[in-house]
Amino acid sequence: MLRRIFPKKARSRTVGLSFVSLLVPACLLLVSPILHSEDAYLDALRLEEERLNDKESADRDEVKSESVASSDDQRAKFENELEASYRGTFLFYTKLPAKSQEEVFRERQQGASIDEVRKTIMNRYLHSH
Amino acid sequence: MTKGKPYIHVVHEGRSIRIERIQDPEFELKGYFAKTARKCPPFCIHPMKAAPDVETIGEVELFEFMETQLRDGTGVLIDARTPTWYKKGTIPGAVNYPFTEFSLPPEDPAWEEIFVKFGAKPAQDPGLIEKAMQGMGLSGERLQSGKWDFSNAKNLVLFCNGPACGQSPHAIKGLLAAGYPAQKLFYFRGGMQMWELWGLTTVVPASE
């Protein structure tokens with residue numbers, strides 16, 4: 001049938017062409033799973049990274065809230081100690097504006113002695129009235 | 001770290017970094033590298049060898065590599081992970097060549113640049129005299145593969161996230177397929193996971 005339609009030379013070219021036309025898709029079929037598997041692997045890596053980033057950001061938030069909580073605890077401890085040992089000074093402290101109270105607490109945290117802190121409280125109280 | 005070697009120094013991005021273990025005996029690993037399991041596939045445990053003729057090395061061999069070949073420039077420590085992983089922290093002295101860069105077909109012209117960077121040279125016909133000398137054992141045989149001469153190419157140590165990571169084995173396979181000689185490739189299978197587990201120093205690369 002083929003011999004009848006095409007002369008011999010043309011037929012061999014046709015066979016060659018059809019071989020090439022079969023070979024190219026076959027190669028693509030062979031290569032595509034490799035490319036596909038690499039893409040899938042990259043997607044999995046990306047997903048793992050995203051999960052890790054979410055976890056890290058959640059951990060950071062947790063650490064942040066822990067440090068806030070621990071700062072609150074220290075502030076309460078400082079005020080309790082001041083009230084127990086120096087009730088008068090503590091009364092003046094309670095009358096200070098929130099900003100000044102915060103400054104006093106920070107001063108204590110930075111290593112100021114209790115006498116220095118008491119002096120600061122009195123200074124702040126006297127200058128705020 | 002090992003007997004008689006409490007620390008070593010390596011150069012990372014122009015700075016000298018001291019590598020040592022975290023000395024706190026109560027320190028516990030947290031985060032990604034403390035995880036025991038990941039979805040498999042794709043994060044399955046990999047065999048000891050990345051390829052038949054490629055040597056697998058551990059931490060002690062890596063320390064030795066760092067103190068010799070990495071220091072004198074005859075070796076390269078390759079973090080084969082994708083850049084986002086690398087940027088989270090790496091082994092001091094490592095450079096980032098993501099495994100995807102080694103996934104190119106062997107005939108891709110980009111290999112030329114990669115091979116030149118790693119010290120390979122275009123292969124040349126040794127000539128009659130050289131061939132005769134080689135035949136008599138008076139001259140060492142050139143380590144040639146295809147169009148490339150790898151005789152003076154660098155030894156490459158590749159690593160990724162650890163034994164369940166496929167990125168460095170993938171890179172090794174790509175290098176082999178392109179003609180890089182197996183005897184110049186080394187697989188640090190423990191990767192970041194074992195490095196972190198031993199509490200060894202890591203560095204966060206400077207952002208570009």
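B:Asn161 counts as buried, at 7% relative accessibility; here buried means under 20% relative accessible area, exposed over 50%, and partly exposed in between (1.4 Å probe, protein chains only). The model is a predicted one, in which local features need pLDDT of at least 70 and side-chain atom pairs count only at pLDDT 80 or more, while totals for chains, interfaces and linings use all residues. Residues are numbered from 1 along each chain as its sequence is written, chains are lettered from A in the order in which they are written, and side-chain values use heavy atoms, with hydrogens and water left out.

B:Asn161 is found in the loop between S9 and H6 of chain B, where helices (H or I, at least four residues) and strands (E, at least two) are DSSP runs numbered from the N terminus. Not counting residues up to four places away in sequence, B:Asn161 touches a set of residues including B:Tyr32, B:Phe33, B:Trp85 and B:Met192, contact being heavy atoms within 4.5 Å. B:Arg81 is another residue that B:Asn161 touches, and the side chains of the two are joined by a polar contact of 2.8 Å. A polar contact is a pair of N or O atoms within 3.5 Å; within protein, one must be able to donate a hydrogen and the other to accept it, and residues adjacent in sequence count only if both atoms are side-chain atoms.

Strand S9 also belongs to an open sheet of chain B, in which five strands run in the order S3-S10-S9-S4-S5 with parallel pairing. Two strands pair if DSSP finds at least two bridges between them. S3 and S5 (95-96) are the edge strands, each pairing on one side only. Within the sheet, S4 (residues 75-79) and S9 (residues 155-159) of chain B pair in the parallel sense over five bridges, and B:Val76 has B:Leu156 as its bridge partner in S9(B).

A hairpin is found elsewhere in chain B. Strands S1 (residues 8-12) and S2 (residues 15-19) of chain B pair in the antiparallel sense over five bridges, with B:Ile19 in S2(B) as the bridge partner of B:Ile8. Two residues lie between these strands, and B:Glu13 takes a positive phi near 50° in the hairpin. B:Glu13 is partly exposed, with a relative accessible area of 46%.

The loop between S2 and S3 (55-57) of chain B holds B:Pro41 and also B:Pro42. The peptide bond from B:Cys40 to B:Pro41 is cis, with omega near -10°, and a cis peptide bond with omega of about 10° joins B:Pro41 and B:Pro42.

Turning to the interface, 16 residues of chain B are in contact with ten residues of chain A. The two chains bury about 1200 Å² between them, 66% of it on carbon and sulfur atoms; buried area is the accessible area (1.4 Å probe) that two parts lose on being put together, summed over both. B:Phe43, B:Trp85 and B:Lys88 supply 40% of the area that chain B buries against chain A, more than any other three residues. One salt bridge is counted between the chains, formed by B:Arg38 and A:Glu48 with their closest N and O atoms 3.7 Å apart; the term requires a side-chain nitrogen of Lys or Arg within 4 Å of a carboxyl oxygen of Asp or Glu. Nine residue pairs are in polar contact across the interface (both at pLDDT 80 or more). Helices H3 (83-88) and H6 (167-178) of chain B each supply at least two residues of the side that touches chain A, and the largest share, three residues, comes from H3(B).
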